[in-house]
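Here are a few notes for a first look. Please keep the structure open as you read.

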Amino acid sequence: MQQQAAKMVQELAETTHGAQREAGRQTRVGNLSQDVGLALYRDMVLGRCFEDKCAEMYYRGKMFGFVHLYNGQEAVSTGVIQALRPKHDWVCSTYRDHVHALSVGVPVRQVMAELFGKEAGCSKGRGGSMHLFSKEHHLLGGYAFIGEGIPVALGAAFSSRYGRDVLGNTGSDAVTAAFFGDGACNNGQFFECLNMAQLWKLPILFVVENNKWAIGMAHDRATSNPEIYRKAAAFGMVGEEVDGMDVLAVRAAAQRAVERARSGEGPTLLECLTYRYRGHSLADPDELRDEQEKTFWAQRDPIAALSAQLTRHGLASSGRLAAIDKEEEARVADAVEFALAAPEPRPSELKRYIWAET
């Protein structure tokens, strides 16, 4: 598997196609403003700090249930969501949803409180790690079942198109980003939703976070065609593969897809080649993956890569980036203190949100 991973990255970096990617990388950095570069860096650092603190709290017995961390995949969340319009476009997540919630702007305190099952959480303590939700920030939820969020995202995209074409609302141009993993791409709703999205030219971006593993199943062993983005061609849809460890590449690809969607040209299937640095969940000892493979991908850390690009091109000093690291660590530490002190949900509201309120 490590050799397969190395081959995949080599194809991205060393072939003629890879040379074009490198030229594109230089262009993207050259066109990057300092403010945007630092915002991307800050968002990824926040996500990493948050997940590391979750692991600490879990292993200290302060956090319970299933907790699936996002370490290593930060460039995908940041790159895609930063290409969207805040509180206008929609995001649909998975059970690995903490960082998606942070990227759309859900307050750190609310996300952490939800993981502790507190009333102050974004889902009122009823959702926990896998079911984060925020109507205010247009986060349509995290979902425990594989691929479950894809049809929900399709519905949001249909609503946007219906509002514009049928109801005559010219401002109904919201784009929906649906995140899911490589394991979801062998499920029926994946293909059904791609078909409907292309048939109706819906404004949706299907984002495959291909981290090479579906729980303990290696991606190449689970599908007849491991290049997921190519499956878009069966529906006449645009499909694109991108280096998911390069936040600028992800952002550029997402911007192209969002522009197509918003202008009425329909959906895009974007496959982001990435890697999770921890086991499937914090209950997973992560003994199935080869240590050489994990070491290989650790050397391509997306945060370290952006840090190097920003300093190399004079957009930030190492001291400025270190200061951001400390600021985000402090925000996460504050969120833990807030969550621990927050009240539990009131027993009198146990049945609330189960039945429709009239």
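1. Which residue in E3 does Ala-177 stand opposite? The answer is Leu-205. Bear in mind throughout that this is a predicted model.

2. E2 and strand E3 (residues 204-210) run parallel, paired over 6 bridges. To get from E2 to E3, the chain passes through helix H8 (residues 188-199). This β-α-β crossover is right-handed.

3. E2 also has another partner. Strand E1 (residues 90-92) pairs with E2, again in the parallel sense, over 3 bridges. Here Trp-90 stands opposite Thr-176 of E2.

4. Now turn to a loop. Gln-73 sits between helix H3 (34-59) and helix H4 (74-81). Is Gln-73 buried or exposed? Gln-73 counts as buried because its relative accessibility is 2%, and the cut-off for buried is under 20%.

5. Look next at what surrounds this residue. The side chain of Gln-73 makes a polar contact of 2.9 Å with the side chain of Asn-211. Setting aside neighbours within four places in sequence, Gln-73 also touches Arg-96 and Glu-209. Thr-274, Tyr-275 and Arg-276 are in contact with Gln-73 too.

Terms used. Residues are numbered from 1 along each chain as its sequence is written. This is a predicted model: local features need pLDDT of at least 70, side-chain atom pairs count only at pLDDT 80 or more; totals for chains, interfaces and linings use all residues. Side-chain values use heavy atoms; hydrogens and water are left out. Two strands pair if DSSP finds at least two bridges between them. Helices (H or I, at least four residues) and strands (E, at least two) are DSSP runs, numbered from the N terminus. A crossover is right-handed if, with the strands pointing away from the viewer, the path from the first strand over the helix to the second runs clockwise. Buried means under 20% relative accessible area, exposed over 50%, partly exposed in between (1.4 Å probe, protein chains only). A polar contact is a pair of N or O atoms within 3.5 Å; within protein, one must be able to donate a hydrogen and the other to accept it, and residues adjacent in sequence count only if both atoms are side-chain atoms. Contact means heavy atoms within 4.5 Å.
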